[in-house]
Each structure stands twice: as structure tokens, then as C-alpha cells.
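Subject: Structure handover

Hello,

Here is the structure we talked about. Please open it and keep it beside this email as you read.

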Amino acid sequence: MTRTSTAAASAQVSWDELVGAALLGTERRTPPVAVRPGQDTPSALLDAAALSTVRRRAGLRPAPARPGPAPAPEDPRPPLPPAARSRLAMLLADRSAPGRSGPRSAPDLAELLPQWLALANQHGYRAPDALLPALLDAARARTDLRPDALILGGPRALWLARLNPDWKFALRGGPPGRGTAPASASGGGADDDADDADVRRQWEEGLFAERVSLLARTRHRDPAAGLALLGGTWSAERSEDRLMFLDSLRDDLVPSDEPFLEQALSDRSRNVRATAAELLAALPGSAFAARMAERSAACVSLSPDGAQITVDAPARCDSAMQRDGVVPKPPSGRGERSWWLSQLVEATPLGCWSEWFGGLDADRIVALPVADGWKGDLHAAWCRAAVRQRSAPWSRALLGTPGAPPVGAGESAPAVWRDPAKLLSALPPAERAQWVADFIASHGLSDAFRLLGVCAVPWAEPLGGAVVDALDIARDAGSYPWSFSGIMGLAERCLDPAQADRLEVLTALPDEPEGAAPGAGGYWSEAFQRLVGTLRLRAAMRAELTGT
């Protein structure tokens with residue numbers, strides 16, 4: 001058969017048929033192509049694909065050339081060191097792979113990419129131009145990468161995003177400040193007006209998630225400007241959107257937000273009213289907090305002899321209470337008076353209790369007995385107040401000692417009122433790590449997953465050592481290994497890389513004790529190999545970025 005006849009035959013074959021045969025392999029699917037004498041089938045398939053490509057391109061009609069884009073802006077930040085550049089290329093290439101390959105003991109590079117981006121931004125580097133497309137693709141696929149990816153990409157990533165609609169998220173969600181083009185130093189005037197107009201345009205035209213992000217960024221930079229942005233469209237927003245916008249005020253709450261939040265107490269949506277009440281309760285000097293404190297003082301008091309706390313829960317939920325966000329109908333199985341009391345106490349500034357109880361501190365107040373079985377309800381409300389008001393003394397008092405039984409152990413349902421993970425978040429990082437380390441030393445890792453999740457990364461000592469010791473104990477006991485997979489995943493991301501040498505001995509295949517889970521020894525060995533490999537890779541990443 002001549003090449004001319006081969007070309008004619010190939011012209012009748014669709015591109016999809018050629019691709020299908022190539023993906024499945026010519027041994028599994030015979031491609032619809034003519035094979036010349038002395039030619040094998042794979043070569044004939046490639047010839048046909050080449051001819052089809054030329055034919056498709058030749059059929060395109062020429063179009064007027066569009067003007068080229070403006071030159072990419074300069075990025076004055078320093079480039080990545082060569083080793084760090086290679087590492088970023090490897091992490092991005094692994095992200096785009098169709099699936100994980102290699103042994104189960106190999107580190108998961110996709111989980112290391114967020115840490116690498118954060119480290120690179122701490123050192124003020126810019127992304128290599130050649131890797132910007134892959135970086136934007138990664139940010140498009142994973143929303144958790146976007147803030148750090150766009151900071152690393154800087155103004156050139158935004159310039160590139162304007163040329164590809166797949167990357168339009170970068171144009172509306174790009175973070176301000178770090179890594180972006182320098183702002184004008186003129187200190188106001190036309191540039192500020194242009195920036196304000198651009199923010200208003202994004203606020204009015206953006207998608208909902210983009211508007212939430214924009215509001216949070218504007219509030220972080222200028223709380224009053226962010227509140228003015230929200231107030232301009234508040235009445236026209238849907239109730240579910242009002243709820244999300246209102247909740248986004250939480251991180252940068254300031255006393256000047258009080259009038260807006262007081263107005264939101266009259267919102268037609270119950271959830272919006274409840275959120276507004278919660279935010280007002282986080283402002284101890286607000287009029288709302290004073291109203292709730294007055295109600296709580298009428299319900300909770302110290303006995304005349306100072307020996308115990310007495311409770312007289314509200315007998316009714318009046319309209320004023322409901323206007324302040326107190327929900328009148330309790331959840332199923334909860335008494336009305338208990339429900340109303342809890343809402344009052346959790347909205348009361350914690351400083352009031354010391355004033356009302358003769359100057360007692362949080363430890364002594366929490367230690368007081370509570371009459372008539374109200375302890376569970378009262379302490380649960382104090383816990384929520386401590387978390388909401390970020391009170392370290394009250395969180396410390398309500399947490400108790402880490403060696404005490406875990407929450408709920410041996411207790412009746414009403415006594416289960418603590419949430420240690422939330423209470424820990426109000427403590428300083430070092431104290432938080434110490435408390436969790438002592439908890440793990442007393443109780444092991446079974447109830448520690450959420451507690452570890454609120455600790456600063458990398459885990460400071462003695463927390464890191466406590467986790468390693470607990471994993472070693474679980475391994476030697478032949479514990480069911482898969483139940484620790486969540487802890488192992490956290491350890492890969494959060495343990496100090498300096499622990500790698502100590503963990504090396506645990507990578508050996510252990511002797512399985514009698515009664516151990518089948519295959520447990522092999523799993524533990526692979527899991528520790530992966531942990532050690534990941535820690536050493538993290539150490540290498542840091543060294544490449546710091547030049548040490």
C-alpha cells in the first residue's frame with residue numbers, strides 16, 4: 001500500500017478512534033489504520049495520528065492577529081535558590097500525576113506542597129516564571145493552596161491569569177500585601193480612589209466565595225472600610241449570605257462594630273440574629289453584654305456563706321430576651337429553663353463573675369460546688385464563654401489537669417460539658433503543647449487527635465516526644481495499627497524534623513506479640529519509614545530555602 005493510499009485511509013478515521021486505540025494499547029484494541037508491509041501496528045497508529053494532526057491543523061482558517069499582551073510586570077523579590085526551584089518543580093509535577101505511585105512508605109509530596117509554599121513566602125522569594133502555569137493549575141485544583149500560591153506567584157501570576165480563563169480565580173481572590181506589586185507611595189489621591197473603585201466592583205460583581213474573601217481581606221486591613229462595604233448592600237443580600245458575611249467579621253471584631261451588630265439583632269433571619277448575638281457577646285464592653293450580665297446576675301449567685309453557687313434559672317423567655325438572641329425553644333431532650341440559663345451565662349462577660357463572687361479568681365469559682373445539679377449546665381456555658389471571649393484563665397480552670405479522665409469517662413450525659421480542643425485554643429502555644437503532652441502521657445493517643453490539631457506547628461517539646469513515645473508503645477503492644485493512621489498523618493506534617501533520627505529505630509519490622517492484629521508489624525514498619533522519610537524531606541526543604 002502506498003503512502004498516498006495510507007493517507008486517504010487515515011483521513012476517514014476519527015481522532016477519537018485513534019486516541020482510544022493509543023490509550024488501550026494496540027494489543028487490546030486493533031486500531032482502524034492500514035499497516036504497510038514491514039510496518040508494525042503501533043508505528044502505523046503513530047503515522048495515522050501524525051497525518052490526522054496535519055490534516056486538522058491545515059483545515060483551520062486564518063484569523064486577524066490580536067494585539068499582544070502588555071509586558072509582564074517586574075517582580076523585585078529574589079529568585080528561589082536552584083535546589084529550592086528544583087524542589088518546587090518536583091512537588092508540582094507530583095501534584096499533576098494521575099495517582100500515587102511507589103511504595104506505601106514513600107512520602108506524600110502533595111501534602112508537603114502547602115508547607116513548602118508557606119516557607120518560601122516567609123523568606124520572601126518569588127516563583128520562577130517557567131513554573132507559574134503549574135503553580136496556578138495547582139491553586140485552581142486546591143483552594144487551600146491559593147493564598148500562598150498567589151503570594152509566591154506575585155504580580156506576574158496575576159498578569160498570566162488574565163490570559164487564561166481557567167485562572168480567573170486569581171484575579172478576584174488574590175491576597176493583598178505580601179508578594180503583590182508594590183503599592184503607590186503617594187499616600188492617597190487618584191490611586192486610592194482607583195483602588196476603592198476596584199474593591200467596590202469586585203464586591204458587586206464577584207461570586208459569593210470571592211466576596212467573602214474580599215470582605216475578610218478588607219476587614220483585616222481596615223475594619224471600618226470592610227463594615228462600610230457590607231453595610232452598603234446588607235439589606236439586598238439573601239439571608240444565607242448575610243449569615244456568612246456576618247460570621248466573617250469574627251476574626252477582626254472591633255468595638256465600633258457594635259451599632260451594626262445591634263441592628264442585626266432585629267434581622268428577619270433567626271440564624272443571623274443568633275450570630276449577631278454571639279459576636280456582641282465577644283465584645284465585653286457592649287450594651288448587649290451588659291444586658292445579658294444583668295440577667296445572669298439575677299439567676300446565678302454565691303450562697304450567703306460563700307460555700308456554693310446557687311442557681312435560679314429563668315422562668316420565662318420574654319420578648320426582650322428573644323430580641324437579644326435567646327432562642328425560646330430548646331433542643332429535643334433539653335429543659336426550657338436550663339436552655340435559657342445556658343444562653344444567658346455564655347453571653348455574660350467572664351470578668352463579671354469575679355466581681356459578683358467577692359473577687360474569687362476563675363480557678364476558685366470553677367472549684368465551687370453548684371447546688372441542685374446545675375453544675376453541668378453552668379460549666380458548659382462557662383466553657384463556651386471562655387472560648388468565645390478567648391479567656392486563658394477561665395479556659396485553664398475549666399480544662400483541669402490533663403491527667404484527669406477524658407471527658408465523659410464514667411460520667412452521666414449531663415456532666416459531659418467540656419470541649420478540651422476548643423478550650424486549649426485560648427491558651428498560649430507553649431502551654432497548649434505542654435497540656436496535650438501530659439494528656440498523651442496519661443491517656444495515650446486514642447482521644448488526642450483533635451487536641452493535636454490545635455497545637456502550633458512544628459510541635460514543640462515535650463509534645464513531639466510524647467507523640468513518639470505513645471506511637472512506640474502502641475507499636476510494641478501490637479495495637480490495631482490502622483486506627484492510628486490519622487495521628488501518623490498529623491505527625492508527618494507537624495513533628496519537628498529533628499525527631500527523624502529518634503524514629504529511625506522504629507522502622508525495623510517488630511516481633512508481633514501474641515494477639516496482635518494480623519499484619520500489624522509490617523504496617524507499623526512502613527508507617528514509620530514513611531514518617532521518617534517525610535521528616536527528612538521537610539528538613540531538606542527548609543535547608544534548600546534557607547541555604548543552610
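Below are some notes on its aromatic rings, its charges over rings, one surface patch and one serine.

First, the ground rules. This is a predicted model, where local features need pLDDT of at least 70, side-chain atom pairs count only at pLDDT 80 or more, and totals for chains, interfaces and linings use all residues. Residues are numbered from 1 along each chain as its sequence is written, and side-chain values use heavy atoms, with hydrogens and water left out.

**Aromatic pairs**

Rings of Phe, Tyr and Trp (its six-membered ring) pair if their centres lie within 6.5 Å; planes under 30 degrees apart are stacked, over 60 edge-to-face, and the rest tilted. That rule gives eleven aromatic pairs. Trp-353 and Trp-356 make an edge-to-face one, with 5.0 Å from centre to centre and 85 degrees between the planes. Both sit in helix H18 (residues 351-356), three residues apart, about one turn of the helix. Helices here are DSSP runs (H or I, at least four residues), numbered from the N terminus.

Trp-353 has 0% relative accessibility, so it counts as buried. Trp-356 has 31%, so it is partly exposed.

Phe-484 and Trp-524 form a tilted pair, 5.6 Å centre to centre with 45 degrees between the planes. This pair links distant parts of the chain, 40 residues apart. Phe-484 is in the loop between helix H25 (463-476) and helix H26 (485-494), while Trp-524 is in helix H28 (residues 520-546). Both residues are buried.

One aromatic cluster is formed by Trp-353, Trp-356, Phe-357, Trp-382 and Trp-394.

**Charges over rings**

A charge sits over a ring if NZ of Lys or CZ of Arg is within 6 Å of the ring centre and within 35 degrees of the ring normal. The charged end of Arg-146 sits over the ring of Phe-169, 4.3 Å from its centre. Arg-242 has its charged end over the ring of Trp-234, 5.9 Å from the centre.

**A serine in H28**

Ser-525 is also found in helix H28. Its relative accessible area is 6%, so Ser-525 is buried. What does Ser-525 contact, leaving aside its neighbours within four places in sequence? The answer is Thr-507, Ala-508 and Leu-509. Contact means heavy atoms within 4.5 Å.

**Helix H2**

Val-19 is found in helix H2 (residues 15-24). Val-19 is partly exposed, at 30% relative accessible area.

Best wishes

Notes
Helix = DSSP H or I, 4+ residues; strand = E, 2+ residues; numbered from the N terminus. Buried < 20%, exposed > 50% of the residue type's maximum accessible area, 1.4 Å probe, protein only.
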